[in-house]
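Hi,

Here's the structure I promised to pass on.

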Amino acid sequence: MKFVRLGLGVEMEAERLADLLRQVKYDEAEFIVRPMVKGDRNPFHVLVAIILTQNTSDKVASKALRNLEKLGIDPEALCSAPLKKIEDAVRPAGMYRRRARILKEVACRVLEDYGGDLWRLLRLDPSEARRRLTSLPGIGVKTADVLLANFTDAKVLPVDTHIRRVAWRLGIASRGASYETISRRLIELLEGRINLLEAHLKLITIGRRYCKPRNPKCNECPLRSVCSYAMRETRTASDKSSR
Ligand code: SF4
């Protein structure tokens, strides 16, 4: 098993990673869905926000969300709204034609299959809820997992582009590992040690603040003592200086 480099054994390394993550502070306001989850707890509203954040930043997604709110974000309103109006509203988030079509189709399916109440789906067994969510148009495993993580106690850890990079550099998963592999490895290491939703938010924070795609700020990163990449960089630097 990977992630054994310090000679401490997997259990201790996992504990150490969880301990370091527990100390990472993050601002919920930096995540578009968190204030919504804590506020009206309307899963359809949050699902729309997650769709708007797919392949774009939370900042532009927020703009599109505010526009959509003027149309009304509930399955009935979005299902009956003219596609052109939805397109105009979500334009700031990019890929607006595709996004608008997905939003309208999802709204109509939630209306037809669950009477407009997404809680009816979320109350199902987690694996069935995940299967049904991913059967909705434009909803992949990551979107499904983000919704499940925020509204249920399903054992999921959503993996975004930041977490993928952090997991690879930490040495938890290989560079091209699949979504399911990375998520499963993180759950194996962290479950029972730290809340999985918190771990998800904290790993994203690490990715945004320190583990940039180029020139990661390892010297400032709270995870550096358990990170393969940082250890390798330190070794390379000391090899160079001793030549
Ligand atoms: S120590 Fe460096 S490479 Fe490792 S997670 Fe932190 S920023 Fe990324």
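First, the housekeeping. This is a predicted model, so local features need pLDDT of at least 70 and side-chain atom pairs count only at pLDDT 80 or more, while totals for chains, interfaces and linings use all residues. Residues are numbered from 1 along each chain as its sequence is written.

The chain has 14 helices and 0 strands (DSSP runs, numbered from the N terminus: H or I of at least four residues for helices, E of at least two for strands). Its C-alpha atoms fill a box of roughly 70 × 35 × 30 Å along the principal axes. Of its 243 residues, 36% count as buried, meaning that 20 or more other C-beta atoms, placed from the backbone, lie within 10 Å of the residue's own. Taking contacts between residues at least 6 apart in sequence, 59% join residues at least 24 apart; a contact here is a pair of C-beta atoms, placed from the backbone, within 7 Å.

The domain assignment (automatic or from a database) gives domain 1 as 10–26 + 157–236 and domain 2 as 31–151. Their centres, over C-alpha atoms, are 28 Å apart. Domain 1 puts 8 residues into the contact and domain 2 puts in 7. On the domain 1 side, helix α13 (residues 196–209) has the largest share, with 4 residues. That side divides into 6 nonpolar, 1 polar and 1 charged (Ala, Val, Leu, Ile, Met, Phe, Trp, Tyr, Cys and Pro are nonpolar; Asp, Glu, Lys and Arg are charged; the others, Gly among them, are polar).

Now the ligand. What surrounds it? There are 15 residues, and the closest are Cys 211, Cys 218, Cys 221, Cys 227 and Ala 230 (near means a C-beta atom, placed from the backbone, within 6 Å). Helices α11 (161–170) and α14 (228–242) each give two or more residues to this shell, and α11 gives the largest share, 3 residues. The shell divides into 12 nonpolar, no polar and 3 charged.

Cheers

Technical notes
Two residues are in contact if their C-beta atoms, placed from the backbone, lie within 7 Å. A residue is buried if 20 or more other C-beta atoms lie within 10 Å of its own, exposed if 12 or fewer, and partly exposed in between; C-beta atoms are placed from the backbone.
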